[in-house]
Amino acid sequence: MRAFAEAATGGARLIGVDLGTKTIGLALSDVQRRIASPLETIRRVKFTPDAERLRDLCRQHQVGGLVFGLPLNMDGSAGPRVQSTRAFVRNLKPILDLPVLFQDERLSTAVVTRALIEADTSRAKRAQLVDKLAAAYILQGALDRMQDLSGDVLTD
């Protein structure tokens, strides 16, 4: 985590990525790296156009690093989805050479879905929002950990 925070360009935003089989949820941090906000959901087509869209967004928002959700099994083991996420990141490197941090994403979609249900969000609206909100949840977890490590925790 410390190495990622140092490698990611200072003063640059981070993008959180929730990589799914059909969509890629994206979230963006503020430049102080304290708050994650949902950005957009990319409908997956093929690797190259997906990667190019991610690269274009990184350039547009002056991003200095990527936080990918790592879909570990509930027991903490790595399954096929973890392998697929790591392969995506490996293939992304020649197109978008930014530091990458893997953040445990267990239950992120469930937490976000539950919150949307409690907010009485329609099923159709939940489908539009869940991926980018899960990316924001993943990114916020990483931002919070980075703040804890830096000892720069906000107090009242």
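Helix H2 (residues 47-60) packs against helix H3 (residues 80-92) at an angle of about 70°, and their axes lie 11 Å apart. This is a predicted model: local features need pLDDT of at least 70, side-chain atom pairs count only at pLDDT 80 or more, and totals for chains, interfaces and linings use all residues. Residues are numbered from 1 along each chain as its sequence is written, and side-chain values use heavy atoms, with hydrogens and water left out.

Helices (H or I, at least four residues) and strands (E, at least two) are DSSP runs, numbered from the N terminus. Axes are lines fitted to C-alpha atoms, for helices over the stretch in contact, and angles run from 0 to 180 degrees between N-to-C directions. Angles of 65 to 115 degrees count as roughly perpendicular, under 35 as roughly parallel, over 145 as roughly antiparallel and the rest as oblique. H2 and H3 are therefore roughly perpendicular to each other. H2 passes H3 in a right-handed crossing, meaning that the near helix is turned clockwise from the far one by less than a right angle. Which residues meet here? From H2 come Phe 47, Ala 51 and Leu 54; from H3 come Phe 88, Asn 91 and Leu 92. Contact means heavy atoms within 4.5 Å.

Thr 48 is 22 residues from Leu 26 in sequence and 17 Å away in space, C-alpha to C-alpha.

Two loop residues have positive phi without being glycine. Arg 33, between strand E2 (23-29) and strand E3 (36-43), has phi near 60°. Arg 33 is buried, at 8% relative accessible area. Gln 62, between H2 and strand E4 (63-70), has phi of about 50°. Gln 62 is exposed, at 62% relative accessibility.

Now to helix H5 (residues 123-150), which holds Arg 126. Arg 126 is buried yet has no salt bridge (a side-chain nitrogen of Lys or Arg within 4 Å of a carboxyl oxygen of Asp or Glu). Where is the nearest side chain of opposite charge? Asp 120 is 6.9 Å away. Lys and Arg count as positive, Asp and Glu as negative; His and the chain ends are not counted. Beyond four places in sequence, Arg 126 touches Thr 113, Leu 116, Ile 117 and Thr 121.

Definitions and conventions
Buried < 20%, exposed > 50% of the residue type's maximum accessible area, 1.4 Å probe, protein only.
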